[in-house]
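This report covers one protein chain.

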Amino acid sequence: MRKVLVMEDEEYIREFVVINLKRSGYDVIEADTGQKAMEYIDTVPDIDIAILDVMLPDTDGFTVCKYIRQRSQTMGILMLTAKTQEMDKVTGLMSGADDYVTKPFSPAELTARIDALYRRVAMSDKDTKNEISCPPFKLNTKSRTLYKNEKIIELTQVEYAIIKNFIENPETAMSREEILNTVWGKDFFGELKIVDVNVRRIRKKIEEDPAEPQYIQTIWGYGYKWSIPAQG
Ligand code: CA
């Protein structure tokens, strides 16, 4: 469910925001102080959006905004500012907020802004989920591209499928039969040698020294294992 944190100390404004968000199908977490908001940021998983009031009794919205940005680049942040605080909009955006709404606002305005922000968050979330990171490698499962140190490694579709299977199962011994079944399908009556041939080709593309492979380890008499060398 779409989850929103609402940080606002004035109870009637908070209630107004909460009721309208719930009506629009959001799951809402309420905080009446900056301290509580930061606690929720650390303890509640999968918050999509934070609505932050600027003026609070214990801290201010910008501090909480920065606190969130140190932990998440993808969470949507909308600031609630008062009309007299024109400068706050600039400060808010500088602290990492995505948008702001000036008080007083209508329920329709707030919901429209939150919906728009949520769509952006959901999109960027999908983008990051299309990527499997395994330094120095990165696999984009949407474009079916492998990167090593941000450089594209040209792969055939079969090589890509083998690498994907490896990266998704690190440090796992995989028999050649398993690899053959996963990549070529159970109905493929090919020889196991085809796995070896492809692995040899992939090693040439990704290993520093294909004769001394670091990433794709051979398990003699069995198959292969994707290994991640210790960094540094
Ligand atoms: Ca306030």
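## Helix 6

The expected span of a helix is 1.5 Å times one less than its number of residues. Helices (H or I, at least four residues) and strands (E, at least two) are DSSP runs, numbered from the N terminus. The model is predicted: local features need pLDDT of at least 70 and side-chain atom pairs pLDDT 80 or more, while totals for chains, interfaces and linings use all residues. Residues are numbered from 1 along each chain, and side-chain values use heavy atoms, without hydrogens or water.

Helix 6 has 12 residues and should therefore span 16 Å, which agrees with the 16 Å between its end C-alpha atoms. Its buried residues (under 20% relative accessible area, 1.4 Å probe, protein chains only) are Glu159, Tyr160, Ile162, Ile163, Asn165, Phe166 and Ile167.

## Nonpolar cores

A nonpolar core joins buried Ala, Val, Leu, Ile, Met, Phe, Trp, Tyr and Cys residues through side-chain atoms within 4.5 Å. The largest has 24 residues; among those touching the most other members are Ile163, Phe166 and Trp226. Helix 6 contributes the most, 5 residues.

Leaving out residues up to four places away in sequence, Ile163 is in contact (heavy atoms within 4.5 Å) with Leu139, Leu146, Leu155, Ile202, Ile206 and Trp226. A second, separate core has 21 residues, including Ala37 and Leu56.

## Calcium site

Asp9 (OD), Glu10 (OE), Asp53 (OD) and Met55 (O) coordinate the calcium ion at 2.1 to 3.0 Å. Donors are N, O and S atoms within 2.8 Å of the metal (3.2 Å for Na, K and Ca); water is not among the atoms, so sites may look incomplete.

Glu10 counts as partly exposed because its relative accessibility is 32%, between the 20% limit for buried and the 50% limit for exposed. Asp53 is buried, at 2%.
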